[in-house]
Amino acid sequence: MSENTSPETNDHGDNDLDEVERRSPALIATAIALPVALIVGLVIAAVVAGKNPALEPVALGPVPAPNAESETCVSLLDALPEDIGDFTKAELVEPAPAGAAAWQRSEGEPIVLRCGLDRPAEFDQAAALQVVNGVQWFQISGTDIGLAASTWFAVDRGEYIGITVPDGTGPTPIQEISDTISATIPQQPLDPAPIPVP
């Protein structure tokens, strides 16, 4: 009898063991998956935070911009993109100058746009122009005055629009701003200064 009882007990014991073995992979998988998911979530959050750190507002000093509050400039500022390449539209330190906008990234100098400026003194009938996406630009390099940036002036829209772009940024800012200008402000005849007489 003891021989008959023993196999029944063993069979029952084996069934319990089978159930434990069947549950173990699921429990182990769950036990591993939750911490892994948490770690992946933390890593992703850290990467996102690293790419989008809290940026300080940009301070812009005053420059002569007599038409900064014109209807043209207001329309342009309302139409400007939130992002230009890897630059994000910046909050400006108050009191922010009229007709101005800026974009920044986690490091380096911002891109700064100003609308309603006076005609640049260097923009005369002999000035070389570049056409980008339908907008005529006059470029002044900051190298001569020790700045690692160039300022581009849109000169064919009735209002002078200047964009200061850090060196090494590439063509994207001028291209994207040109698209916005073309879609927002009609083209006007050029009005360069006369060529200075020596």
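Cys73 and Cys115 form a disulfide, with 2.1 Å between their sulfur atoms; a disulfide here is a pair of cysteine sulfur atoms within 2.5 Å. The structure, a predicted model, holds one such link. Cys73 lies in helix H2 (residues 71-79) and Cys115 in strand S4, so the pair ties together parts that are 42 residues apart in sequence. Helices (H or I, at least four residues) and strands (E, at least two) are DSSP runs, numbered from the N terminus. The link of Cys73 and Cys115 is left-handed, with -80° about the S-S bond. Both cysteines are buried, where buried means under 20% relative accessible area, exposed over 50% and partly exposed in between (1.4 Å probe, protein chains only).

Residues are numbered from 1 along each chain as its sequence is written, and side-chain values use heavy atoms, with hydrogens and water left out. Local features need pLDDT of at least 70 and side-chain atom pairs count only at pLDDT 80 or more, while totals for chains, interfaces and linings use all residues.

Strand S4 is mostly covered, with seven of its seven residues buried. Strand S3 (residues 100-104) pairs with S4 in the antiparallel sense over four bridges; pairing requires that DSSP finds at least two bridges between two strands. Ala100 has Arg114 as its bridge partner in S4. The hairpin of S3 and S4 has six residues between the strands, and Gly108 takes a positive phi near 90° in this hairpin. S4 and S8 also run antiparallel, joined by five bridges, and Tyr160 in S8 is the bridge partner of Leu117.

The largest pocket comprises about 330 Å³ of space. A pocket is an open set of points on a 1 Å grid over the protein atoms alone, where a 1.4 Å probe fits, with protein on both sides within 12 Å along at least five of seven lines; lining residues have an atom within 4 Å of a point. Of its 16 lining residues, Val63, Arg114, Leu117, Thr151 and Thr164 are the closest to the centre. Strands S4 (111-117), S7 (149-154) and S8 (160-166) each supply at least two residues of the lining.

Phe87 is found in strand S2 (residues 87-89) and is buried, with a relative accessible area of 1%. Phe87 and Trp103 are 16 residues apart in sequence and 5.4 Å apart in space, C-alpha to C-alpha. Leaving aside neighbours within four places in sequence, the residues in contact with Phe87 include Trp103, Pro110, Ile111 and Thr169, contact meaning heavy atoms within 4.5 Å.

Terms used. Points joined across faces, edges and corners; volume = space filled by probe spheres on them.
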